[in-house]
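Student: I have a model open and would like to go through it. Can you take my questions as they come?

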Amino acid sequence: MSEVHWGLLVAAYLFLAGAGAGALFISGALVLSEKVVHAHHWSTAKFSAIAGLLLLMLGTGMIVFDLTSFQYGIFNGDMSKLLRFYRLFMTFEPSSMMSIGTWLLTLAIIFALLFCFSFKRHDQETFTSRGYALINLILAVCVASYTALLIGDIKHNIVWSNSILVVIFLVSAISSGAAVVLIVKTWLKQSDPHHHFAKADSMVMLIELFVLGIFVYVIANVSKFYGLDNLLGMATSAGKIWWLGAVVVGLLLPLLLNLTSIMGRVGVSHAKEYGIAALTLVGAFCLRYSVLLAGQSY
C-alpha cells in the first residue's frame with residue numbers, strides 16, 4: 001500500500017465537507033436555541049448557514065473532480081467519461097458507502113439551500129424555520145460522520161478501519177465549523193466581551209485533543225502488533241503533518257490563544273480572531289490529510 005491513491009483532492013473534500021457540516025450544525029443549533037431573536041445571533045446563523053452550504057458544494061465538487069473518469073473526460077475531451085459521474089445519482093445501493101454518500105450529500109445540499117432561503121423569508125423577530133434547522137443539524141452530523149465511514153469502508157486498513165475516526169471527524173467538523181462561524185462573526189464585527197464563544201470553542205478543542213490522544217495510542221499499539229514503525233510517528237510524512245499541522249497548529253496554538261484571552265479577561269482583536277480561525281482550519285485539513293497518508297503508507 002505504498003502508492004498514494006487518495007491525496008490532496010480527497011483530503012480537501014473531507015475537510016470542506018466537515019467544515020461545511022460543522023457550520024450548518026452551529027447555525028441550526030443557534031436557531032433551535034431561539035437565540036436568533038437577537039439580531040447578532042440572527043446574522044451569525046444566517047451567514048454561517050450560507051458559508052456551510054458553499055463549503056459543502058465546493059467539497060462535493062472536489063470529490064467529483066477526483067473521480068478518475070471525470071478527470072480523464074476533462075483532459076481528453078471525452079464527454080462520455082466526463083459525465084459518467086452522474087450515474088451515481090441514478091441508483092441507490094445500500095451496501096455501497098459511495099452511493100450512500102452521494103445521496104446524503106445531495107440531501108444535505110438541498111436542505112441547506114432551503115434553510116438558507118428560509119432566512120430570506122423572515123427576519124429575526126419572526127423566524128420560525130425550526131424544522132429546517134433540525135433537519136440540517138441531523139444531516140450535518142451524518143455528513144461529518146460519513147466522511148470517516150467512507151474511508152473506513154476499506155477493509156483491513158489499520159488506520160482507516162478504526163471506529164474512533166468517526167468521533168474524531170465529527171468533533172473536528174464541529175471545531176472547523178466553529179472556525180467558519182468565528183470568521184463570520186469577525187466579518188460582521190461582532191464582539192464577544194464575555195468570551196462565551198471562545199470558552200465553547202476551547203471546550204471542543206480539549207475534547208478533540210482527548211480523542212486524538214486515544215487514536216494515537218491505538219495506532220502506536222496496532223503498528224507495533226503488526227511489526228510496523230509507528231504510522232503516526234515523527235519519522236513518517238503522515239506523522240509530521242499530524243503532529244505539527246493537526247495537533248500543534250490546529251489545536252494547541254488556537255487553544256493557547258483562546259485561553260490567554262479568557263484568563264486575561266481582555267478583548268480579542270479581529271486580527272487575533274481571524275488568526276485563531278485560520279490555524280484551526282489549517283489543522284483540520286492536516287488532520288484529514290495525515291490520516292489519508294497514514295492509511296496508504298504500509
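Tutor: We can start with the overall make-up and then look at single residues.

Student: What helices and strands are there in the protein chain?

Tutor: This is a predicted model, and its protein chain has 10 helices and 0 strands. From the N terminus on, the order of elements is α-α-α-α-α-α-α-α-α-α.

Student: What average pLDDT does the chain have?

Tutor: The average pLDDT is 84, and 81% of the residues score at least 70.

Student: Which element has the lowest mean pLDDT, and which the highest?

Tutor: Helix α4, residues 79–82, has the lowest mean at 52, while α7 has the highest at 95. Where pLDDT is low, the predicted coordinates should not be read in detail.

Student: How much of the chain counts as buried?

Tutor: Of the 298 residues, 47% count as buried. As for contacts with a separation of 6 or more, 74% are between residues 24 or more positions apart.

Student: Which residues of the largest nonpolar core touch the most other members?

Tutor: That core has 61 residues, and Val 159, Ile 168, Phe 215, Trp 242 and Val 291 touch the most other members. The elements that give it two or more residues are α1 (8–32), α2 (39–66), α5 (97–120), α6 (130–152), α7 (164–187), α8 (196–225), α9 (237–264) and α10 (270–294). There is also a second, separate core of 17 residues, with Leu 16, Ala 178, Val 181 and Leu 281 among them.

Student: Back to Val 159. What is it in contact with, leaving aside neighbours within four places in sequence?

Tutor: Val 159 contacts Leu 165, Phe 215, Ile 219, Leu 231, Val 291, Ala 294 and Gly 295.

Student: Now Asn 157. Where is it found?

Tutor: Asn 157 is in the loop between α6 and α7.

Student: Why does Asn 157 count as buried?

Tutor: Asn 157 counts as buried because its relative accessibility is 2%, and the cut-off for buried is under 20%.

Student: Which backbone atom of Trp 160 does the Asn 157 side chain reach?

Tutor: The Asn 157 side chain reaches the backbone nitrogen of Trp 160 at 2.9 Å. A polar atom of that side chain also lies 2.8 Å from the backbone oxygen of Gly 295.

Student: Switching to α6. Where does it bend?

Tutor: α6 bends by about 30° at Tyr 146. With 23 residues, α6 reaches 33 Å from its first C-alpha to its last, close to the 33 Å expected at 1.5 Å a residue.

Student: What phi does Lys 189 have?

Tutor: Lys 189 has a positive phi of about 60°, although it is not a glycine. Most residues other than glycine have a negative phi. Lys 189 sits in the loop between α7 and α8 and is exposed, with a relative accessible area of 65%.

Student: And Lys 272, which helix is it in?

Tutor: Lys 272 is in helix α10. Lys 272 is partly exposed, at 23% relative accessible area.

Student: What does Lys 272 touch, not counting residues up to four places away in sequence?

Tutor: Lys 272 touches Leu 257, Thr 260 and Ser 261. The side chains of Lys 272 and Ser 261 are joined by a polar contact of 2.6 Å, and a polar atom of the Lys 272 side chain lies 3.4 Å from the backbone oxygen of Leu 257.

Technical notes:
Residues are numbered from 1 along each chain as its sequence is written. This is a predicted model: local features need pLDDT of at least 70, side-chain atom pairs count only at pLDDT 80 or more; totals for chains, interfaces and linings use all residues. Side-chain values use heavy atoms; hydrogens and water are left out. A nonpolar core is a set of buried Ala, Val, Leu, Ile, Met, Phe, Trp, Tyr and Cys residues joined through side-chain atoms within 4.5 Å. Buried means under 20% relative accessible area, exposed over 50%, partly exposed in between (1.4 Å probe, protein chains only). Helices (H or I, at least four residues) and strands (E, at least two) are DSSP runs, numbered from the N terminus. Contact means heavy atoms within 4.5 Å. pLDDT is the predictor's confidence in each residue, from 0 to 100. A polar contact is a pair of N or O atoms within 3.5 Å; within protein, one must be able to donate a hydrogen and the other to accept it, and residues adjacent in sequence count only if both atoms are side-chain atoms. The expected span of a helix is 1.5 Å times one less than its number of residues. The bend at a residue is the angle between axes fitted to the seven residues ending there and the seven starting there.
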